[in-house]
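Reader: I would like to learn how to read charge pairs in a model. Please take me through them.

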Amino acid sequence: MPELPTWHARGLVLIGDAAHAMQPSSGQGASQGLEDAQVLSMFLAHYLERHYYFSQSASTPPATSHDAPATMVDAVDRASTKYCELRKPRAKLIVDRAKQMGDTKRKKGLVEEWFTYSILWII
C-alpha cells in the first residue's frame, strides 16, 4: 500500500491501519493503532486544555500563552499536526521493517522451498 502524504485534514485524523497499513505477518497492526490513539489523545488533551485555560482567564501571561490555540478547531489542528510529526517516522520504520521481513520469507528458490518443506515434513 502506498504511503499517504498526510494523515489529517480539517479536523479528520487517521490512525492505525487507516493511516499506515501493516502487513498481517508483522503482528504490529493493533499495537501501532493503540500507540496512535494514545499519542493523539495526549496531544488533544494538551492543546484543548491550553485553549480552555487561556480562553477562561482574563489576563493571559505572554510567557506561557505562546502555544495556546485561539479556537478549539485550532487546538485540534495543532494536536493532529504534532501527532503526525511524532508518529509518521516510527510507523514508517515499522512498516519498512515488516515489509523487509515479509520479503525475506517470500524470496526462496524452488530448491530452497523444497528443502524447507522436506525438513518440516521430517520433523
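Reader: Which side chain meets that of Asp 74 in a salt bridge?

Author: Side chains of opposite charge can pair when their charged atoms come close. A salt bridge here is a side-chain nitrogen of Lys or Arg within 4 Å of a carboxyl oxygen of Asp or Glu. Asp 74 pairs with Arg 78, at 3.3 Å from N to O. This is a predicted model, in which local features need pLDDT of at least 70 and side-chain atom pairs count only at pLDDT 80 or more, while totals for chains, interfaces and linings use all residues. Residues are numbered from 1 along each chain as its sequence is written, and side-chain values use heavy atoms, with hydrogens and water left out.

Reader: How many residues apart are Asp 74 and Arg 78 in helix α2?

Author: They are 4 residues apart, so about one helical turn separates them. Helices are DSSP runs (H or I, at least four residues), numbered from the N terminus.

Reader: How many salt bridges are there by this rule?

Author: The count is 7. One of them joins Arg 87 and Asp 36 at 2.5 Å, N to O. That pair links distant parts of the chain, 51 residues apart: Arg 87 is in helix α2 (residues 72-106) and Asp 36 in helix α1 (residues 29-56).

Reader: Is Arg 87 buried or exposed?

Author: Buried means under 20% relative accessible area, exposed over 50%, and partly exposed in between (1.4 Å probe, protein chains only). Arg 87 is buried because its relative accessibility is 2%, and Asp 36 is buried at 0%. Asp 74, at 23%, is partly exposed.

Reader: Which residues are linked with Asp 36 and Arg 87 in a network of salt bridges?

Author: Glu 35 and Arg 90 are linked with them.

Conventions: Helices (H or I, at least four residues) and strands (E, at least two) are DSSP runs, numbered from the N terminus.
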